[in-house]
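Here is a short briefing on helix packing and strand pairing. Look over the sequence and the fold, then read on.

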Amino acid sequence: MSTIEIKQVTNRKELVQFVQFYYDLYRGNTCAVPYLFSEEMSTLRSDRNPSFECCEAKYFMAFRDGKLVGRVAAIINRRANEQWQRKQIRFGWFDFVDDKEVSAALLKAVEDWGRQEGMTELAGPLGFIDTDREGMLVDGFDELSTMYINYNYPYYVQHMEQLEGFEKVNDWVETKVRVPEVVPDKFAKITEMVRKRYGLRVHKFTRKELIDGGYGRKVFDLLNTTYKNLYGFSQLSDRQIDKLVNDYIKIADLNLVTAVMDGDKMVGFGITFPSFSRALQKTRDGRFLPFGWWQLLKILKWHKTPIVDLLLIGVLPEYRSKGANALIFDDLIRWFQRYHFEWAETGPQMESNEGVLSQWQYLEATEHRRHRCYRKDL
């Protein structure tokens, strides 16, 4: 068999080739969801992604007989390494044909650069920051994916298990929750108790409050606090927060965004979006043109989907025991019912976070996907 050539991405044309590989590899797969092409390009470009203020990255492609057969991103997040006292290089955007020589060669390229930069640990799949896609799918291959998580073929896991030196470091689980016809009594009772005892209340933002009033920034400031102890989390800077506000808050249906207030202080939030999964599958490789924009608009404006994605939920630690989460769900469930959503999909939640996972016990909920992060000493 011919040898594998590893090539580093050095220009925009090659970056397009790097991004396009995923769409070609998963074309026709009924569970994979094409990511937005423009968003992928923006995330990987140092002149577009504010994460490069604390990150460095190189992108590698693998070729056999001149044909592209794999890709990987190598990322060093200096801020996260300082926060967690590590010398870690991350790998992400890791996709390849079912050829163990290809996957091994790609990870070797990441390792070599990591050692060159003085790193002592390799971990992934991870993105630049925690709001990027994380983990390798290890269970739930026959479930429809979402635009916010990694999807991969089962053989990826086999490759990782056979590569020398890699071990599991963290699992995230995702839960599918049926939207109840009636808000569960438990939520309703807790909500009423929380309002009376602690004076907490639900607040629905206006666009002006979020954009001009600065509450959009406050949402992600609160995220910095509530997520700070999660595996690999990197504190968001002002520029990163501005991008997240622009990417999510500006286009969100504000009926599907809920805040919990203690007086004038925001102590919790929930951001949800109607699922774009089926709409994205109808686009041409995640592109808006020629008709992709219409598929996405139908979801964003008219909610033509039975699924809603629970994108980001955060509550200050001192308010979790006071039942602030119940206020968020009590409000959101009522809006889910009005929009005729049938199912809610959680984002990745750490398997060790029993407090978060336990909040689904009062609903019909099933763990239906699992993602894994691997590590290796260098």
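At what angle do the axes of helix 6 and helix 13 cross, and within what distance do they come? They cross at roughly 125 degrees and come within 9 Å.

This is a predicted model: local features need pLDDT of at least 70, side-chain atom pairs count only at pLDDT 80 or more, and totals for chains, interfaces and linings use all residues. Residues are numbered from 1 along each chain as its sequence is written, and side-chain values use heavy atoms, with hydrogens and water left out.

**Helix 6 and helix 13**

- Helix 6 spans residues 185–198, and helix 13 spans residues 324–338. Helices are DSSP runs of H or I with at least four residues, strands are E runs of at least two, and both are numbered from the N terminus.
- Axes are lines fitted to C-alpha atoms, for helices over the stretch in contact, and angles between N-to-C directions run from 0 to 180 degrees.
- Helix 6 and helix 13 cross in a left-handed sense (the near helix is turned anticlockwise from the far one by less than a right angle; clockwise is right-handed).
- Helix 6 contributes Phe187, Ala188, Ile190, Thr191, Val194 and Arg195 to the contact, and helix 13 contributes Ala326, Leu327, Phe329, Asp330 and Ile333 (contact means heavy atoms within 4.5 Å).

**Helix 8 and helix 9**

- Helix 8 (residues 215–226) and helix 9 (residues 238–247) have axes that come within 9 Å and cross at roughly 120 degrees.
- Helix 8 is therefore oblique to helix 9. Their crossing is right-handed.
- On helix 8 the contact uses Gly216, Arg217, Phe220, Asp221 and Asn224; on helix 9 it uses Asp238, Ile241, Asp242, Leu244 and Val245.
- Asn224 of helix 8 has 8% relative accessibility, so it counts as buried (under 20% relative accessible area; exposed is over 50%, partly exposed in between, with a 1.4 Å probe and protein chains only).
- Leaving aside residues up to four places away in sequence, Asn224 touches Phe233, Gln235, Leu236 and Ile241.

**Strand 3 and its partners**

- Strand 3 (residues 67–77) is mostly covered, with 10 of its 11 residues buried.
- Strand 2 (residues 55–64) runs antiparallel to strand 3, joined by 10 bridges (strands pair if DSSP finds at least two bridges between them).
- Ala57 has Ile75 of strand 3 as its bridge partner.
- Two residues separate strand 2 and strand 3 in a hairpin, and Asp65 in the turn has a positive phi of about 55 degrees.
- Strand 4 (residues 88–96) is also antiparallel to strand 3, with five bridges. Ala74 has Phe91 of strand 4 as its bridge partner.

Terms used. Angles under 35 degrees count as roughly parallel, over 145 as roughly antiparallel, 65 to 115 as roughly perpendicular and the rest as oblique.
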